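I opened my notebook to look up a few things in this structure. Here is what I jotted down, one entry at a time.

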Amino acid sequence: MKRLASIAFATAIALFLQGCAGWQSALDPKGPAASELAWLIWFFTGLCAVVWVLVMIALAIPLMMRSRVRAEPLVLDAGADSRKLRVVITAVGLTAVILVGLTLLSFFANRTLAAIGSDAVLTIRVTGHQWWWEVRYEDATPSRILTTANEIHIPAGEPVRLLLTSTDVIHSFWVPSLSGKLDLIPGRMNVLDIKADKPGVYRGQCAEFCGAQHANMGTFIIAEPRAKFDAWWNDQLQPAAEPMSDEAKAGEDLFLKRPCVMCHKIGGTPAGGTVAPDLTHVASRQTLAAGTLRMSRGNLAAWIADPQGVKPGSHMPVVQLNGDELNAIVAYLEGLK
Amino acid sequence: MSSADLTSERDLPREREATPRGDIAPERDGPRDTGMDDASLRRWLARTWRTPPGIIGALSSVDHKVIARRYLITAFLFLCLGGLNAVAMRIQLSGPQRGLIGPDLYNQLFTMHGVTMMFLFAVPIVQATGIYLVPLMVGTRNIAFPRLNAFSYWIYVSGGLFAWISFALSMAPDVGWFAYVPLSGPEFGPGKRADVWAQMITYTEVSSLAVAVATIVTVFKQRSPGMSLDKIPLYVWALLVTSFVVVFAMPAVMVTSTFLILDRLVGTHIFNPAEGGDALLFQHLFWFFGHPEVYIIFLPATGMVSAIIPAFARRPMFGHLGLVLSLIAVGFLSFGLWVHHMFATGLPKLGASFFTASSMMIAIPNGVQIFCWLATLWDGRPVIRTPLLFVFGFFFIFVIGGLTGVMLASVPLDLQVHDTYFVVAHFHYVLIGGSVFPLLGAAYFWFPKITGRMMSERLGRWHFWLAMIGFNAAFFPMHIVGLWGMPRRVYTYPAELGWGNINLFITGGAVLFFLSFVLFAFNLVHGALKGAPAGDNPWDAGTLEWATSSPPQSYNFARIPVVTNVEPLWAERAALPVATGLRVDVRELLVSTVAEAHPDIREKSATPSIWPLLAAIAVGGTFLYSIFTPWAIVWGAAPIAITLIGWFWPKGDPEDEE
């Protein structure tokens, strides 16, 4: 039994260390909030582990004693019981002290977190939908307001303010390596400040159960150096690229004639739907369908041909297309960098 | 009201002083147990208290032991169903992107798992244990309001059938066991699925409220002479506190589910922010019930621990008063923590910090309980039998769950782990460790009382170790995968996140844990059929349920015992003193005073009746119909009224005619 336990323990540690380096892990912090929280998690875990071990020792003590020979269970050793009372009172007192300490610790950690976004340089409105994220960059100049979906570019090293709300059900925005989670609630607006220390791609996903495709509601925070970020913003403000080939041109026509146009927007074309992700620069994104598929020609075709197979229950309907039509639309979308 | 006329073989001057209250009833008197010889007393009582023969007779039973057995068996079947749900989910999650179960079925599975385990297994089984044991432990002949008790069982069964038939028809709720709006509201929850959730809640809450009321009255008014408040067994205290928590918490969830069904069916906008309603109101109402719910499940289990430990540590519980006060403190504090389920909703920071403090605070009375149990065990090596093994398992697991609970109480820390597998791990450590392990210990402990036979000790040890290894292998890694970012309630996950291996390991543990229950079921059946005869008191325990035969007769005790100690059987080794004076030709109970348990009056106990079943059918039918139209309440009122009139039709007792 003991050997089994130690093997299990060793395996657990190995697995644990392997997982710490994941790109969606609370134990692999990449920003000041997550670092503060990771420290808090380790501190609480350590303290709790010590308490647990002490309780287990207290539980093991009687097992190591000799069995008592006492016929009459009601005859007690008063001296022993009063010693026990002192031990119990001390233990309760220690518990109270530890709990007060932890309460204060978590209170001050909360204050540290609240201070992170006090000088936010950028405000981004994130709206939850079943099952994707609408991302709108706010700006004082209306022409610079930018709407995109699922991927959030931010300047690295600068605090960014996210305004979180929802138009349908409750979702929760969570990118563990940068910050704790916060809900997106219809009729309410929550504020979450995030900051990434270094450039990188940080994955997150919806953390509040939101229906059939809750599992496939991923998001990415892409932190870039300031110059690259500004360039990205300027690129994204441009209308969609003109189709380069005849096939792509046919694809654009099809897109505008078929139901696609009812839900999606493509800047610079008559397509102006707002109930589904903005596709103006869809091919510049890394994934499709809120992190469900990697962006590629094949995956674009799969997603358009069979959205209910890729993401069952999603609100993207099947549009009847023959093989040529599908290829044309994919060619068009693939060009929307 | 008939006057008390009690004599005791013991000198109990204060009881004699308890002069009869009220007037002397002009009642035809019948034979009493005073001075009657044992054989004819038992003949009389057996005839008076028996459950009538035949199917109608069985359906009419109001014997608390019969009802409790039905409850226990039904709840165990629901546990198996809920466990099968869990195994199906674990197989789907054993690797990334498995296609065994799609999102539609998966979402029904985890909802049914939660709903079944919370409402159809955990609460009913702890209450059922109480229905069986509380009347025996306080030394009375039946639970208070026996027909209400029978009614509660029928309502519970119909609610459970309703939920599981919906599942079989693929119209089970798919919105999670807490069914947040707007997901469960009229706009985003089409079909009847969320209505099934709402009305299933109503069924089970009606039934658990009924049991709570019966338990409270039994404990307050039907205790044996001499069982003053300080001599009530800790298990009974736990059930009493739990019942009060039920009475104050359950209405909140009934309001929640009723509001929801009003929004869905009648077109109100209570939870609709677009029309001035509020989606968060639902969460406040739900968790005002939902957090005490955890203690409704946990407190009776602490009572079981407090009953098992003295029997095997061979001494009364250390710190009895401290434990009672802790129980009461936990009962109160459990109403002040609900917001820690809502830290991620963006509440004002100061308010949230208050709930951090209150959530931390409840660890203090729970700590007092743990320390007192440990101190009780410190007198020397206890007698190690299967029930005590499960209590050790309870310590091992529950303390981890309690400590991760302290972690979750911290607002900032909670924001990382809320709604992840860390929380799934935490509440399974609390609920399985804190409630199921004591329940399993209790099953081994009281099985001899219920069946008259012992369960196998050898199989019991195998069961314990299989359950310990399976449980920890299944749930401990969930803490880790939660910190790695895996949210709960996902039907699948991408391979590149690296959660595959650990999930496969978890699934292996879950299968082992499930097998431990198969072994347990085998041990139950084997013990019931072939177990060694147990005798009245196989563990030489000290509380009153061990004073009567195993299994107990329909009338529980031939003569009502008089209690002189918190462990009466240890104090009175030769024979328990008894109180006499009750009639034997009609069902009569001794009603005593609340604090001192002085004998007060003799009171009739209800006879078997088919009306509770008929009333339950009428009420259940109304609930079922009400998921389709609000008019069900109007049309259902008539049959309900008819059955209640039948139920309460005057019996012609003098007391009714006053």
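**The core.** I looked up the largest nonpolar core and found 301 residues, with B:Val236 and B:Ile308 having the most contacts inside it. A nonpolar core here is a set of buried Ala, Val, Leu, Ile, Met, Phe, Trp, Tyr and Cys residues joined through C-beta atoms within 7 Å; buried means that 20 or more other C-beta atoms, placed from the backbone, lie within 10 Å of a residue's own. Domain 1 (122–223) and domain 2 (246–334) of chain A both give residues to this core, so it lies between them; the domain bounds come from an automatic or database assignment.

**My notes on the model.** This is a predicted model, where local features need pLDDT of at least 70 and side-chain atom pairs count only at 80 or more, while totals for chains, interfaces and linings use all residues. Residues are numbered from 1 along each chain as its sequence is written, and chains are lettered from A and ligands numbered from 1 in the order in which they are written.

I then checked what B:Val236 touches: B:Val134, B:Met137, B:Val138 and B:Val219, leaving out residues up to four places away in sequence. Contact means C-beta atoms, placed from the backbone, within 7 Å.

**Between the chains.** Which residues make the contact? I found 74 residues from chain A and 76 residues from chain B. The largest share of chain A's side, 17 residues, comes from H3(A), a helix (a DSSP run of H or I, at least four residues, numbered from the N terminus).

Key:
A residue is buried if 20 or more other C-beta atoms lie within 10 Å of its own, exposed if 12 or fewer, and partly exposed in between; C-beta atoms are placed from the backbone. Two residues are in contact if their C-beta atoms, placed from the backbone, lie within 7 Å. Helices (H or I, at least four residues) and strands (E, at least two) are DSSP runs, numbered from the N terminus.
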